[in-house]
Amino acid sequence: MNMLLGYFRQAGTAIRFLLLSTLILGLAYPLAIFGVGQAVAPFQANGSIVKDDAGNPAASALIAQASADDAGTQDPAWFHARPSAVGWDPASSSASNLGPNDAELLDAVTANRAAVAELEDVSEAAVPADAVTASGSGLDPDISVEYATLQIPRVARAHGLSPEAVQGLVDNNTSDGLEAFLSQPSVNVTELNLAVAEAAR
C-alpha cells in the first residue's frame, strides 16, 4: 500500500512538473522572446521582408533572389548574386561540400570566372572571388563592393540608366558602420535589384 501511495505521489510530482515546464518553456518563454523581437528588431523578427515601391512584399533581404532560367543562366539586366549549389532554392539551402582541392570545384570556378569575364567584358584577372564561388548556404544575398561595381555598366545599359545613377544605388545598399564592423563592406543584391527596378520606372 505504501509503495502504491509513493508511486502516486511521484506521478503527481511528475505531472505537476510537466505542466509547469509546459507553461514556462512552451508558452511564457516563446511569448517573451516573440515580444522582445517585435519590440527591439521587428524588421528582422518578421523575416526581413523588403517591399516594392507600391508597398507590396517583394522578397526577404536575407535570401538571394536570382533571376535565372532552367539552365541556370541569370538575367543580364540585373545584378547577380554569388553562384549557388542549390539554384537559389530556399527550400534546399546547402553548400556544395566540395573541398578546396576538389577537381570539380576547380573546374566550376574556372568556368564561372570565364563566364563572368565574358558577361562583364573584363579580363578574368578582374573577376573577384565571390563572383565564382558559392556561399555556405547557397542563398547569400550579399556580394563584395568590387563585384557589384563590376556589374554597374551592364545593369545601367540594360535599364537605360547612367552608370553614376547605378553607382549611387550600389552605394546606398552597401553595408557600413556597425553592420560592416566585423567584416568587409558588402552589397545586398536583393535590395539593390529592387532599387534598380524602382529607379528604372
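Reader: Which residue in E2 is the bridge partner of Lys51?

Author: The bridge partner of Lys51 in E2 is Pro57. This is a predicted model, in which local features need pLDDT of at least 70 and side-chain atom pairs count only at pLDDT 80 or more, while totals for chains, interfaces and linings use all residues. Residues are numbered from 1 along each chain as its sequence is written, and side-chain values use heavy atoms, with hydrogens and water left out.

Reader: In what sense do strand E1 and strand E2 pair?

Author: Strands (E, at least two residues) and helices (H or I, at least four) are DSSP runs, numbered from the N terminus; two strands pair if DSSP finds at least two bridges between them. Here E1 (residues 49-51) and E2 (residues 57-60) are antiparallel, with three bridges. Five residues lie between the strands of this hairpin, and Gly55 takes a positive phi near 85° there.

Reader: Which residues touch the most other members of the largest nonpolar core?

Author: A nonpolar core is a set of buried Ala, Val, Leu, Ile, Met, Phe, Trp, Tyr and Cys residues joined through side-chain atoms within 4.5 Å. In soluble globular proteins, nonpolar side chains tend to be buried together. The largest core here has 23 residues, and Phe79, Val170 and Leu192 touch the most other members. At least two residues of this core come from each of H3, helix H4 (145-159), helix H5 (163-172) and helix H6 (189-199). H4 gives the largest share, six residues.

Reader: What is Val170 in contact with, leaving aside its neighbours within four places in sequence?

Author: Contact means heavy atoms within 4.5 Å. With those neighbours set aside, Val170 is in contact with Phe79, Ala148, Ile152, Val187 and Leu192.

Reader: Is Gln151 buried or exposed?

Author: Buried means under 20% relative accessible area, exposed over 50%, and partly exposed in between (1.4 Å probe, protein chains only). Gln151, which sits in helix H4, has a relative accessible area of 0%, so Gln151 is buried. Apart from its neighbours within four places in sequence, Gln151 is in contact with Trp78, Phe79, His80, Glu120 and Ile143.

Reader: And Phe34, is that residue buried or exposed?

Author: Phe34 is exposed, because its relative accessible area is 54%. Phe34 belongs to helix H1 (residues 2-40).

Reader: How many residues apart in sequence are Phe34 and Leu62, and what is the spacing in space?

Author: Phe34 and Leu62 are 28 residues apart in sequence; from C-alpha to C-alpha they are 19 Å apart in space.
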